[in-house]
Amino acid sequence: MELYILGGLVVALAIGLVIQQIRIERTNRKLAELATKPKPVVVSEPTALELENKLKAAYEAKIGEATQAFATDLTSTSAKLSELVSRLTTDVIEKELDAYHKTLDGVRATANEAMEKIRAAVDEQRVELRKGMEADVAAEQNRLIERFDTKMGDVVSSYIAESLGGGVDLGAQMQYVISSLEAHKEEIKKDLYNGV
(Lines give C-alpha, C1' and ligand atoms only; values in the text may rest on other atoms or scores of the structure.)
Protein backbone atom coordinates (compact mmCIF):
# COMPACT_ATOMS: atom_id res chain seq x y z
CA MET A 1 0.00 0.00 0.00
CA GLU A 2 2.79 2.40 0.95
CA LEU A 3 4.66 1.58 -2.26
CA TYR A 4 1.59 2.54 -4.34
CA ILE A 5 1.40 5.90 -2.59
CA LEU A 6 5.13 6.47 -3.03
CA GLY A 7 4.92 5.45 -6.69
CA GLY A 8 1.96 7.81 -7.20
CA LEU A 9 3.94 10.69 -5.74
CA VAL A 10 6.91 9.96 -8.00
CA VAL A 11 4.61 9.84 -11.05
CA ALA A 12 3.00 13.16 -9.98
CA LEU A 13 6.46 14.72 -9.70
CA ALA A 14 7.41 13.46 -13.17
CA ILE A 15 4.16 14.85 -14.65
CA GLY A 16 4.90 18.21 -13.00
CA LEU A 17 8.36 18.24 -14.59
CA VAL A 18 6.91 17.44 -18.05
CA ILE A 19 4.30 20.24 -17.72
CA GLN A 20 7.00 22.75 -16.78
CA GLN A 21 9.13 21.65 -19.72
CA ILE A 22 6.14 22.08 -22.08
CA ARG A 23 5.55 25.62 -20.75
CA ILE A 24 9.18 26.55 -21.32
CA GLU A 25 9.09 25.16 -24.86
CA ARG A 26 5.89 27.10 -25.68
CA THR A 27 7.46 30.29 -24.44
CA ASN A 28 10.58 29.60 -26.54
CA ARG A 29 8.42 28.93 -29.63
CA LYS A 30 6.46 32.15 -29.17
CA LEU A 31 9.66 34.09 -28.81
CA ALA A 32 11.09 32.38 -31.88
CA GLU A 33 7.91 33.16 -33.86
CA LEU A 34 8.09 36.79 -32.83
CA ALA A 35 11.73 36.92 -33.83
CA THR A 36 11.17 35.27 -37.26
CA LYS A 37 8.01 37.08 -38.35
CA PRO A 38 8.58 39.58 -41.12
CA LYS A 39 8.64 43.09 -39.95
CA PRO A 40 6.14 45.06 -41.87
CA VAL A 41 7.20 48.25 -40.30
CA VAL A 42 10.65 49.47 -40.74
CA VAL A 43 12.10 50.15 -37.38
CA SER A 44 15.18 52.12 -36.81
CA GLU A 45 18.28 50.46 -35.46
CA PRO A 46 17.98 51.93 -31.95
CA THR A 47 14.28 50.93 -31.74
CA ALA A 48 15.08 47.39 -32.93
CA LEU A 49 17.80 47.10 -30.32
CA GLU A 50 15.42 48.38 -27.69
CA LEU A 51 12.75 45.84 -28.75
CA GLU A 52 15.29 43.04 -28.76
CA ASN A 53 16.38 43.98 -25.25
CA LYS A 54 12.75 44.08 -24.08
CA LEU A 55 12.13 40.73 -25.73
CA LYS A 56 15.16 39.22 -24.04
CA ALA A 57 14.07 40.68 -20.70
CA ALA A 58 10.53 39.27 -21.18
CA TYR A 59 12.00 35.90 -22.19
CA GLU A 60 14.27 35.80 -19.15
CA ALA A 61 11.39 36.91 -16.92
CA LYS A 62 9.20 34.07 -18.23
CA ILE A 63 12.00 31.57 -17.77
CA GLY A 64 12.55 32.93 -14.23
CA GLU A 65 8.82 32.59 -13.44
CA ALA A 66 8.73 29.04 -14.83
CA THR A 67 11.88 28.13 -12.92
CA GLN A 68 10.45 29.65 -9.73
CA ALA A 69 7.15 27.77 -10.16
CA PHE A 70 9.04 24.55 -10.85
CA ALA A 71 11.28 25.06 -7.79
CA THR A 72 8.23 25.74 -5.60
CA ASP A 73 6.46 22.62 -6.92
CA LEU A 74 9.61 20.56 -6.49
CA THR A 75 10.14 21.79 -2.92
CA SER A 76 6.53 21.08 -2.00
CA THR A 77 6.60 17.61 -3.58
CA SER A 78 9.95 16.82 -1.96
CA ALA A 79 8.62 17.85 1.48
CA LYS A 80 5.52 15.69 1.01
CA LEU A 81 7.64 12.73 -0.14
CA SER A 82 9.98 13.14 2.84
CA GLU A 83 7.04 13.27 5.24
CA LEU A 84 5.46 10.20 3.64
CA VAL A 85 8.72 8.22 3.72
CA SER A 86 9.25 9.21 7.36
CA ARG A 87 5.72 8.14 8.28
CA LEU A 88 6.06 4.83 6.40
CA THR A 89 9.43 4.12 8.01
CA THR A 90 8.06 4.91 11.48
CA ASP A 91 5.04 2.66 10.91
CA VAL A 92 7.19 -0.24 9.73
CA ILE A 93 9.60 0.13 12.66
CA GLU A 94 6.73 0.33 15.18
CA LYS A 95 5.12 -2.80 13.70
CA GLU A 96 8.41 -4.69 13.84
CA LEU A 97 9.03 -3.58 17.44
CA ASP A 98 5.51 -4.66 18.46
CA ALA A 99 6.06 -8.06 16.86
CA TYR A 100 9.45 -8.34 18.61
CA HIS A 101 7.93 -7.46 22.01
CA LYS A 102 5.13 -10.00 21.52
CA THR A 103 7.65 -12.70 20.62
CA LEU A 104 9.83 -11.76 23.58
CA ASP A 105 6.83 -11.91 25.94
CA GLY A 106 5.92 -15.34 24.59
CA VAL A 107 9.48 -16.62 25.06
CA ARG A 108 9.54 -15.19 28.60
CA ALA A 109 6.24 -16.87 29.48
CA THR A 110 7.43 -20.20 28.07
CA ALA A 111 10.73 -19.95 29.97
CA ASN A 112 8.92 -19.11 33.23
CA GLU A 113 6.55 -22.02 32.73
CA ALA A 114 9.46 -24.39 32.06
CA MET A 115 11.32 -23.10 35.15
CA GLU A 116 8.24 -23.69 37.31
CA LYS A 117 7.95 -27.26 36.00
CA ILE A 118 11.65 -27.88 36.65
CA ARG A 119 11.37 -26.38 40.15
CA ALA A 120 8.33 -28.57 40.94
CA ALA A 121 10.13 -31.68 39.64
CA VAL A 122 13.24 -30.88 41.71
CA ASP A 123 11.12 -30.32 44.84
CA GLU A 124 9.30 -33.60 44.25
CA GLN A 125 12.58 -35.48 43.76
CA ARG A 126 14.05 -33.88 46.87
CA VAL A 127 11.03 -34.95 48.95
CA GLU A 128 11.21 -38.48 47.55
CA LEU A 129 14.97 -38.66 48.17
CA ARG A 130 14.56 -37.41 51.73
CA LYS A 131 11.80 -39.93 52.43
CA GLY A 132 13.98 -42.70 51.00
CA MET A 133 17.00 -41.63 53.08
CA GLU A 134 14.90 -41.34 56.24
CA ALA A 135 13.44 -44.79 55.60
CA ASP A 136 16.95 -46.22 55.05
CA VAL A 137 18.27 -44.60 58.23
CA ALA A 138 15.27 -45.78 60.24
CA ALA A 139 15.66 -49.32 58.86
CA GLU A 140 19.38 -49.33 59.73
CA GLN A 141 18.64 -48.06 63.26
CA ASN A 142 16.01 -50.73 63.74
CA ARG A 143 18.39 -53.40 62.47
CA LEU A 144 21.13 -52.23 64.85
CA ILE A 145 18.73 -52.08 67.79
CA GLU A 146 17.43 -55.56 67.01
CA ARG A 147 21.00 -56.87 66.82
CA PHE A 148 21.84 -55.12 70.05
CA ASP A 149 18.68 -56.49 71.64
CA THR A 150 19.57 -60.06 70.70
CA LYS A 151 23.13 -59.74 71.94
CA MET A 152 22.44 -57.48 74.93
CA GLY A 153 22.25 -60.30 77.40
CA ASP A 154 25.60 -61.69 76.29
CA VAL A 155 27.22 -58.25 76.27
CA VAL A 156 25.94 -57.37 79.75
CA SER A 157 26.94 -60.67 81.30
CA SER A 158 30.42 -60.53 79.79
CA TYR A 159 30.78 -56.90 80.89
CA ILE A 160 29.72 -57.70 84.44
CA ALA A 161 32.01 -60.71 84.55
CA GLU A 162 34.92 -58.60 83.33
CA SER A 163 34.14 -55.73 85.70
CA LEU A 164 33.79 -57.82 88.80
CA GLY A 165 36.57 -60.17 87.99
CA GLY A 166 36.69 -63.92 87.85
CA GLY A 167 36.36 -64.51 91.60
CA VAL A 168 32.79 -63.36 91.99
CA ASP A 169 29.93 -65.79 91.86
CA LEU A 170 27.42 -64.36 89.44
CA GLY A 171 24.98 -67.20 89.57
CA ALA A 172 22.66 -65.69 92.21
CA GLN A 173 23.21 -62.09 91.20
CA MET A 174 23.08 -62.72 87.45
CA GLN A 175 19.38 -63.46 87.60
CA TYR A 176 18.75 -60.12 89.36
CA VAL A 177 20.89 -58.16 86.89
CA ILE A 178 19.23 -59.77 83.88
CA SER A 179 15.71 -59.21 85.22
CA SER A 180 16.59 -55.55 86.00
CA LEU A 181 17.95 -55.09 82.49
CA GLU A 182 14.88 -56.77 80.99
CA ALA A 183 12.62 -54.46 83.02
CA HIS A 184 14.42 -51.41 81.60
CA LYS A 185 14.94 -52.88 78.13
CA GLU A 186 12.48 -50.52 76.37
CA GLU A 187 14.02 -47.44 78.02
CA ILE A 188 17.51 -48.57 76.99
CA LYS A 189 16.31 -49.17 73.42
CA LYS A 190 14.67 -45.74 73.34
CA ASP A 191 17.89 -44.10 74.59
CA LEU A 192 19.94 -45.94 71.99
CA TYR A 193 17.47 -45.10 69.24
CA ASN A 194 17.52 -41.37 70.12
CA GLY A 195 21.30 -41.35 70.34
CA VAL A 196 21.47 -40.75 74.10
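These are my notebook entries on one predicted model.

**Entry 1: the fold**

I began with the whole chain. The chain has four helices and zero strands. Reading along the sequence, I wrote the pattern down as α-α-α-α. Helix α1 covers residues 2-36. Helix α2 covers residues 45-164.

Next I asked how much of the chain counts as buried. The chain has 196 residues, and 7% of them count as buried. Then I looked up the surface. The chain exposes about 16,100 Å². Carbon and sulfur atoms supply 61% of that area.

I also checked how far apart in sequence the contacting residues are. I took contacts between residues at least 6 apart in sequence. Of these, 81% join residues at least 24 apart.

I picked Gln 20, which has its place in helix α1. Is Gln 20 buried or exposed? Its relative accessibility is 4%. Buried means under 20%, so Gln 20 counts as buried.

Which residues does Gln 20 touch, leaving out those up to four places away in sequence? I noted Ala 66, Ala 69, Phe 70 and Asp 73. I looked these up by number, and each falls within the residues 45-164 of helix α2.

**Entry 2: Ala 12 and Thr 77**

I stayed in helix α1 and moved to Ala 12. At a relative accessible area of 45%, Ala 12 is partly exposed. I then compared sequence and space for one pair. Ala 12 and Thr 77 are 65 residues apart in sequence. In space, their C-alpha atoms are 8.6 Å apart.

**Entry 3: a nonpolar patch**

Which residues make the nonpolar surface patch of about 250 Å²? I found Val 11, Ile 15 and Ile 19.

**Entry 4: charged patches**

I looked for charged patches next. Arg 23, Arg 26, Arg 29 and Lys 30 form a positive surface patch. I checked Arg 23, and this residue is found in helix α1. Arg 23 is partly exposed, with a relative accessible area of 46%.

The negative surface patch has Glu 2, Asp 91, Glu 94 and Asp 98. Which helix gives the largest share of the negative patch? The answer is α2, with three residues. Glu 94 lies in that helix, α2. I noted its relative accessible area as 45%, which makes Glu 94 partly exposed.

**Entry 5: salt bridges**

Side chains of opposite charge can pair when their charged atoms come close. How many salt bridges does the structure hold? It holds ten. I looked up three of them in detail.

Lys 117 has a relative accessible area of 57%. Exposed means over 50%, so Lys 117 is exposed.

Then I opened Glu 116 and Arg 119. The side chains of this pair meet in a salt bridge at 2.6 Å, N to O. Glu 116 and Arg 119 are three residues apart in helix α2, so about one helical turn separates them. Glu 116 is partly exposed at 46% relative accessible area. Arg 119 is partly exposed too, at 42%.

My last pair was Arg 143 and Glu 140. In this salt bridge the closest N and O atoms are 2.5 Å apart. Arg 143 and Glu 140 sit three residues apart in helix α2, which means a separation of about one helical turn. Arg 143 has 38% relative accessibility and counts as partly exposed. Glu 140 has 36% and counts as partly exposed.

Conventions. Residues numbered from 1 in each chain as written. Predicted model: local features only at pLDDT ≥ 70, side-chain atom pairs only at ≥ 80, totals over all residues. Heavy atoms only, no water. Salt bridge = Lys/Arg side-chain N within 4 Å of Asp/Glu carboxyl O. Helix = DSSP H or I, 4+ residues; strand = E, 2+ residues; numbered from the N terminus. Buried < 20%, exposed > 50% of the residue type's maximum accessible area, 1.4 Å probe, protein only. Contact = heavy atoms within 4.5 Å. Areas by Shrake-Rupley, 256 points an atom, 1.4 Å probe, with all protein chains shown as cover. Patch = residues over 30% accessible without salt bridge, like charges linked within 9 Å, V, L, I, M, F, W, Y side chains within 5 Å. Lys, Arg positive; Asp, Glu negative; His and termini not counted. Charge placed at Lys NZ, Arg CZ, Asp CG, Glu CD.
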